[in-house]
Structure formats: structure tokens, C-alpha cells
Amino acid sequence: MADRLTPARVLIYALLAGFAAFYLVPLLVVVLNSVRTAEDIGATSVVGLPRELAFGNFERAWGSYCIARRCEGISPYMWNSFLMVVPATIISTLLGALNGYSLALWRFRGDNWVFGIITLGVFLPEQMKLVPWTLVLRDLGLTNTIAGLVLIHVVQGISFTTLFCRNYYTAIPQELLKAAKIDGAGFFRIFWRIVLPLSPPILIVTVIWQFTHIWNEFLYGVTFTSGAQQPVTAALIALSVSVSEAPQYGVQSAAVLIAALPTLLVYLFGGKYFVRGLTAGAVK
Amino acid sequence: MSALRIARLRKRFGAQEVLKGIDLEIGSGEFLVLVGPSGCGKSTLLNVIAGLEKAGEGTVEIGGRVVNDVAPKDRDIAMVFQSYALYPTMTVRQNITFGMECRRVPRPQQEEALARVARLLQIEALLNRKPSQLSGGQRQRVAMGRALVRDPMLFLFDEPLSNLDAKLRVEMRMEIKQLHRRIGATMVYVTHDQIEAMTMATRIAVMHQGEVQQFADPETIYNRPATLFVARFMGAPPMNTVAARLTGGAEGLAAIIGAGRPDEIRLPVPEELAARAGPFRDREVVLGIRPECIAEADRRFGADARHSVPIEAPVEMTEPTGAETIVLMRLGGEALLGRVSPDIRLPVGAPARFALDTRKLCLFDPATERLIA
């Protein structure tokens, strides 16, 4: 099939390029500002090319900038986010896989109802659950802790992870399960030895989804934690409002870029699996 | 001791009764084939024997032990599936030893059993491959290996050959049959293919709509089908079944096809059948005759010349298969199939002469569809 450059095709490419450029403008502004000094930005405006490349913004944003009277930059909050996102992602993915496995392959009375109720969680807005979670965290003594956020994200994540895994596992033929039952394998051995080894595509999808979602989550972070316990998304806001002197757009831009880096890396390394996993069947 | 005994077995899925009182019993070393069209309940029956489905009513005994409440893994069975159901992420070796691993068989014994089965099925070279790297026939062998390694009381096969191409299917059919003879195991084999049933079974259970229509050895099933369904299901092409009228005279009982028509055909009923067919004298019956019992005019059936009846019928179509030619003819107004020698050229549309073997006539009651004689 020859890709001829017809006028229509040129027009399409031009339009797409235009949209892409428009979409990328905010990123461009942030990237440019991150390497501009405060004086540079102050002298002109937030939109402009750097007069000289100033990488000091990244150092300050990472390690010494003052946020809510702590002058350690965003690095402690990055660490908080990791402490939250890693266990929450792993636990919610494993629970989703186990749920999906039992819902898809071990049919039981009312299984479709259970599945329906679990996936209902996908459609509930975060705001709706703020008050219930406040009560739960208070009763469990997890208010203003990272463990509390982990709990929230695990429970909230089960809806999505179960949906993903269950739909993937329905493609596993029942005969495989029958064969394993006759071989003498039970519920967990079948999961561990047969189903889980078939799961990398969907697990990668689920992990990417959960990681990005939990890392970028802001509302729960800012509501249920304060001060030193905050994840980086909440800290970024604190950073921008705590500015007493002239606005530090350069440092803020650098902080935003650092905070966005983990999800960007996850997508760069896992992106091709993400697309593949969403389209591939389980058993070929 | 019977290897498998099924008594008054019933099973329903919701409102649908899929097994309506099954009784079967086979001895050790037998090869039972459950055959029937799709939806007849044969796979459900196999799953109930395996313990993958619960029996509704009735009992399943394996090796003299009632196993209704025994888990599949403890029934001393092994099963080969239609899709082979090989574990996709395991090697052939792991596929075969997985069951032993679950049963905590010691390593050295596992290795020994693996080696024995791999040699028997000639899959030694494949042991480190994944199922995706195997051809259909090789997967089939591995699936059999997984069953054989267990040395069970009962082997269950669920349409194991239906995913193979025609040539390989015939090869594997012979291999399974040889395997059965060599290891002398008891096997239950589900298929919808009546040729597989005829060639492999020591006994066949023909199923239809949740009932066993006939349970007998292949020869009886083929020559004396208990019902019209069995007559029409077994054999390719199937048995001709046409309406006929029984009349009796001094020379004995005769069946007339197309009675009252100018081209009516009169077939003498052999004495062996006449006694049982007596009550149907002067009544309508369904006459069954295998296509191979209608052949070219100079064919002689058996020593007794009276059993070869000459007939004349117009040829409507011929199908040369190479080994023989199938002829569609019109006899007493009814369409019948015959099988003639391939050397004979029969012009379509013209009448031709045939010889008809009356020894294997079957007579069915048109009301009950059961065999009279």
C-alpha cells in the first residue's frame, strides 16, 4: 500500500500537527520556565524563551525550596508518594486479579451481581466518598497517615482492577480449569500456577493504570493529610501558595516536572504493553 | 467387577432435563464410545462421570465405588479434552508432571512415569517446548501423555480428535485404538463422529435428547439398530428408511415399497425376521435397508440365492467416491441410496438393474420408531 501525499492527506497532517502543537503549549511553557531564572521571568513574562539555561531551579525544587516552612524541597513528598503508590498499586492489582479470577472462572450463584456491585465503584465520584472515608480513617486511627491513603487507594482501586482482570480472564477456556481440577489443583494453586503466569499483559495494564491514577490523585491527598505526610501532588499546591516573596515560577515549573516524571517513565517503559494488553486475548 | 456403572442417572440445567435416566455398565478394559448429535447430553454425561458436573439423581460407580460425592481428583480418572487444555505457560514436561506434583508424587517416580509416557507416545524430543510451539497432532499427544502418566482406572476422552484435520484424525484414531489394546485400560470416549464410534468402540451407547437409544457392540448397533434414530445416525451414507407394507402369503412374509403403485417393489422378509414381524402383517411399517445392501445386478449376497433380489429402478444421481459409487435411485416412489462397484457406469435418468440383499432388512414400528425385527 503506497502512502501517496495527496492534498487531502497534507491537510490532515497539517491539522493534526496544529492540534498537537496547541496541546503541547502548556508543557512547553513549563519546560521553558523550569530553566529560566526568577529575574528573567520577572523582567519579561511567563511566556518567553530563556535568556540563559538555569538548571538551579531543579536543585532548589528538589532539595532546598521552602514548602510550608520546611526547606527541604519536594523530595520528602516524592518519597511519601512512593510509599503510598507502590503498596497501593501492588495490593490493589493482586486483589483485582484474585477477584477477576474467581468471578470469571469460578462461577457461583449471584456472581454477576457481585461483579456489578464491584464495578459500580468505577462510576462513583471521589467527592461523594470524602465524608465516609473521613469517618473510616478516624475510627481506624489512620487520619493524616500514608497508610490511610494506601488503604483508600487499595479499596477504591479494586473496582477498576477487578473489571480489567475479570474481562481478561473470561477469555481463558473453562477446559483449562477442568483439566487442572482433574489433575488435583485447588483454587489457589490454579491461580498461582496457571492463571497468574498468563496474566502479565493485563497486570501491566492494571499496574500502569493504578500507578498513574494513584500518583496523580490530589483530592484525598490534600484532604486527609497535612504537613510532612502529604503526597507530592498536595505539596505542589502548598508550594505555590506558600510563596511570600515574588512568585517563583521557575522553581514551581521544575517541581511540576519532577513530580510528573515517575508516571512519564512508567508510561514510556510500559506503554507498548499497555496498548498490547488492552487488545490482546489471554490464550493464543 | 465393572469398571464403570451408571444407574438411573438424571441431570437438569434449570428447566432443561439433559440426562433422562441413563443406565450403562462396562467391564474392565472396555472401550465405550458415547456417540450422538450435539446437544444429546454425551458431554454432560462425561463431565458427570469426571465429577466436573454434579449428578442430579442416580449413581456413578467407578471400579465398584460410588463416586457421586468424590472430587474429580480422587476419582482415579484422567481426561483428554477437545481443546487439549494444555497449560499454555508450562513446558510439555511440566504439563505432564503437574498432576503428579499436585498429588505430591516423589520426584524420582515422576521422572520415571514421564520417561515411560514420553517413550510410549514418542514425544521425548518435545519435552522442553511450550504448547504454542507444537502442531495440532503433537498437542494431542501431549494431552494424552498427561492422561496416561496417571495410570488411572478410567480414561475419559471428550471429542479429542475433532480439532485435527481429516488425515491426522484417521492416524490418531488408529493410534488411540492401538494404545487401548496395548495398555488394556478402560476408556470412555465421547464423539459425534459415528465412524470413530464404529472403528474404536468395543461398545457404543448412541444418545439422543438425553437418553441412551441403544447400548450394544458396534456390529449390533450397525446391523440391528434399536430405533430409527440409531438407524439414521450410524453409517455414512445412513440407512435408507422408507414406508412399506407387510403382506403375507403362502410363500412367506413380504414387505412392499410403494404398495398399489405400478412400480411397487416386493421384498421377501427372511424367515428369521418373519416370526417377530408377524403381528405387523397387513400393516404399515418402516423398512430399513443399508445402502451397501443395494448393489449392481450381478452381485450375490451370501450362499442362498434367494437373499439377492433383482430390482429395477431409475437412477436419479450418482456420486463416484473412487472406491465405490453412491447411487440415488427411486424405488416404489421412494428415494433410496445404493452403493455399487466403481467400474459400473450408470446413465442418470435411465432405469438400471440392481441386486438387493434382504438378509439385513430392518423393520421398524412407525408409531414407536422401535425395531420390530
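UniProt, in an unreviewed entry, lists residues 4–234 of chain B as "domain: ABC transporter". The structure described here is a predicted model. Chain B and chain A bury about 1900 Å² between them, and 61% of that area is on carbon and sulfur atoms.

**Contact between chain B and chain A**

- Chain B contributes 26 residues to the contact, and chain A contributes 16 residues.
- The count of salt bridges between chain B and chain A is 2.
- A salt bridge joins A:R189 to B:E101, with 3.7 Å between the closest N and O atoms.
- Between chain B and chain A there are 6 residue pairs in polar contact, both residues of a pair being at pLDDT 80 or more.
- On the side of chain B that touches chain A, the elements giving two or more residues are α1 (42–50), β6 (77–80) and α2 (92–102) of chain B.
- Of these elements, α2(B) gives the most to that side, with 4 residues.
- By residue type, the side of chain B that touches chain A divides into 15 nonpolar, 5 polar and 6 charged residues.

**Annotated transmembrane regions of chain A**

- An unreviewed UniProt entry carries the annotation "transmembrane region" for residues 12–32, 82–101, 146–169, 190–211 and 249–269 of chain A.
- Residues 82–101 of chain A are 100% helix and 0% strand in the model, with the end C-alpha atoms 28 Å apart.
- Residues 190–211 of chain A are 82% helix and 0% strand, and here the end C-alpha atoms are 27 Å apart.

**Aromatic pairs**

- Over all chains, a search of the whole structure finds 16 aromatic pairs.
- The rings of A:F211 and A:W215 are stacked, because their centres are 5.9 Å apart and their planes lie at 5 degrees.
- A:F211 and A:W215 both belong to helix α10 (residues 200–216) of chain A, where they are 4 residues apart and therefore separated by about one helical turn.

**Salt bridges in the whole structure**

- Counted over all chains, the structure holds 26 salt bridges.
- One of the salt bridges is formed by A:R51 with A:D40, whose closest N and O atoms are 3.8 Å apart.
- A:R51 lies in the loop between α2 (38–43) and α3 (56–64) of chain A, while A:D40 lies in helix α2 of chain A, so the pair ties together parts that are 11 residues apart in sequence.

**Backbone features of chain B**

- B:A236 and B:P237 are joined by a cis peptide bond, for which omega is about -5 degrees.
- B:P237 is placed in the loop between α8 (228–233) and β11 (240–249) of chain B.
- Although B:R104 is not a glycine, this residue has a positive phi of about 60 degrees.
- The position of B:R104 is in the loop between α2 and α3 (107–121) of chain B.

Key. Residues are numbered from 1 along each chain as its sequence is written. Chains are lettered from A and ligands numbered from 1 in the order in which they are written. This is a predicted model: local features need pLDDT of at least 70, side-chain atom pairs count only at pLDDT 80 or more; totals for chains, interfaces and linings use all residues. Side-chain values use heavy atoms; hydrogens and water are left out. Contact means heavy atoms within 4.5 Å. Buried area is the accessible area (1.4 Å probe) that two parts lose on being put together, summed over both. A salt bridge is a side-chain nitrogen of Lys or Arg within 4 Å of a carboxyl oxygen of Asp or Glu. A polar contact is a pair of N or O atoms within 3.5 Å; within protein, one must be able to donate a hydrogen and the other to accept it, and residues adjacent in sequence count only if both atoms are side-chain atoms. Ala, Val, Leu, Ile, Met, Phe, Trp, Tyr, Cys and Pro count as nonpolar, Asp, Glu, Lys and Arg as charged, and the others, Gly among them, as polar. UniProt positions are given in the numbering used here, feature names are shortened, and annotations may be inferred rather than shown by experiment. Rings of Phe, Tyr and Trp (its six-membered ring) pair if their centres lie within 6.5 Å; planes under 30 degrees apart count as stacked, over 60 as edge-to-face and the rest as tilted.
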